[in-house]
Every structure is written in structure tokens, then in C-alpha cells.
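Welcome to a short tour of a protein model. Please have the sequence and the 3D view open, and follow along as we go from single residues to the whole fold.

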Amino acid sequence: MVRFDFYGSGESEGEFSEATFTSEVEDLGSMLDYVSERPDVDHGRIGVLGLSMGGAVSIVRASRDPRIRFVCTWSAPGNFMLLSRHAEEIIAPSRLVGEYLDLPSGFRVSVKMFQELLNLSLIHI
């Protein structure tokens with residue numbers, strides 16, 4: 001079993017504000033590269049578990065990567081239509097700072113991350 005944090009999250013390097021959905025899918029691919037190179041791993045039994053956004057990332061990566069044999073998600077969004085319906089409410093109280101949004105929650109996210117999520121539907125993968 002391998003556990004990792006996406007770039008800018010938890011104990012990983014980098015700034016969360018620089019992450020995008022695409023970069024998180026790529027991070028998962030890098031972790032799969034590492035696991036796949038290990039001789040003690042049964043390549044026919046590689047699976048991923050993702051929490052929240054990590055669940056969405058896991059679903060997208062699994063749809064593109066045959067190394068993933070199973071996926072388990074925990075509180076993952078099925079699509080981001082709710083986000084698009086409430087985009088104005090989310091953005092209005094946020095401060096736009098260059099290419100970033102400072103959310104009322106205290107998180108800073110890139111505009112690119114927000115745009116990627118608005119265009120993503122896991123239902124159609």
C-alpha cells in the first residue's frame with residue numbers, strides 16, 4: 001500500500017494554489033509509475049482509493065490508465081454541476097488575486113483549477 005499527498009497538500013512539496021485538477025491526475029500517474037516499477041507488486045491487483053477530490057481524480061485516472069484494476073472513492077463528487085450553479089456565490093465573496101481565487105474558506109485555488117472543475121463531468125467519462 002502506498003499513500004501520498006497531491007502537490008501542495010498535506011506533507012507534499014509545493015503550494016496548493018498552484019495545483020490543478022490535471023496536475024493531480026498526473027501526480028497519481030507518477031505514483032502509479034513508482035508502484036509499477038516495484039518487483040514486489042502484483043500488477044494485476046493495483047487499485048486506488050481517493051477521498052473527496054482525490055476520488056474524482058482516481059476515477060479520471062482509472063478511465064485512462066489500464067494499470068488501475070479497481071477504484072474506491074470516499075465522498076467523491078459525481079459531477080461539478082452544483083459548483084457551476086453556485087459559481088457566482090463562490091466567486092463573489094472570493095478575492096481574485098492575479099490567477100488565483102482566495103476563497104472565504106481560507107483556501108487559495110487557481111482560476112485554472114476552478115475552470116477545469118466547471119468543465120468536468122465524471123458521469124460522461
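## Starting with one glycine

G14 has a relative accessible area of 36%, so it counts as partly exposed. In this report, buried means under 20% relative accessible area, exposed means over 50%, and partly exposed is what lies in between, using a 1.4 Å probe and protein chains only. You will find G14 in the segment before α1 (21–37). Apart from residues up to four places away in sequence, G14 touches Y7 and G8, where contact means heavy atoms within 4.5 Å.

Before we move on, a word about the model: it is predicted, local features need pLDDT of at least 70, side-chain atom pairs count only at pLDDT 80 or more, and totals for chains, interfaces and linings use all residues. Residues are numbered from 1 along each chain as its sequence is written, and side-chain values use heavy atoms, with hydrogens and water left out.

Is S17 buried or exposed? With 12% relative accessibility, S17 counts as buried. S17 also sits in the segment before α1. Setting aside its neighbours within four places in sequence, its contacts are Y100, R108, V109 and S110.

F4 belongs to the segment before α1 as well, and its relative accessible area of 29% makes it partly exposed. Which residues does F4 contact, leaving aside neighbours within four places in sequence? They are D27, L28 and M31. F4 and M31 are 27 residues apart along the chain, and their C-alpha atoms are separated by 7.9 Å.

## The overall plan

The protein has 5 helices and 5 strands. Helices (H or I, at least four residues) and strands (E, at least two) are DSSP runs, numbered from the N terminus. Reading from the N terminus, the order is α-β-α-β-α-α-β-β-β-α.

Of the 125 residues, 34% count as buried. Among contacts with a separation of 6 or more, 51% are between residues 24 or more positions apart. The accessible surface is about 8,200 Å², and 53% of it belongs to carbon and sulfur atoms; such areas come from the Shrake-Rupley method with a 1.4 Å probe, and for residues only the protein chains shown count as cover.

## A parallel pair

Now look at strand β1 (residues 47–51) and strand β2 (residues 70–74), which pair in the parallel sense over 5 bridges. Two strands pair if DSSP finds at least two bridges between them. One example to find is G50, whose bridge partner in β2 is T73. Between β1 and β2 the chain passes through helix α2 (residues 53–64), and this β-α-β crossover is right-handed: with the strands pointing away from the viewer, the path from the first strand over the helix to the second runs clockwise.

## A sheet and the helix across it

Further along is an open sheet of 3 strands, in the order β3-β4-β5, with antiparallel pairing. The edge strands β3 (95–97) and β5 (108–110) each pair on one side only. Strand β4 (residues 100–102) is joined to β5 by 3 bridges, and V109 in β5 is the bridge partner of L101.

Helix α5 lies across β3, β4 and β5, at about 65 degrees to β5. Axes here are lines fitted to C-alpha atoms, for helices over the stretch in contact, and angles run from 0 to 180 degrees between N-to-C directions. Which residues of α5 (residues 111–118) are buried? They are M113, F114, E116 and L117. Seen down the axis of α5, these buried residues fall within an arc of 160 degrees, so they line one face of the helix; the arc is that of the directions from the helix axis to the C-beta atoms.
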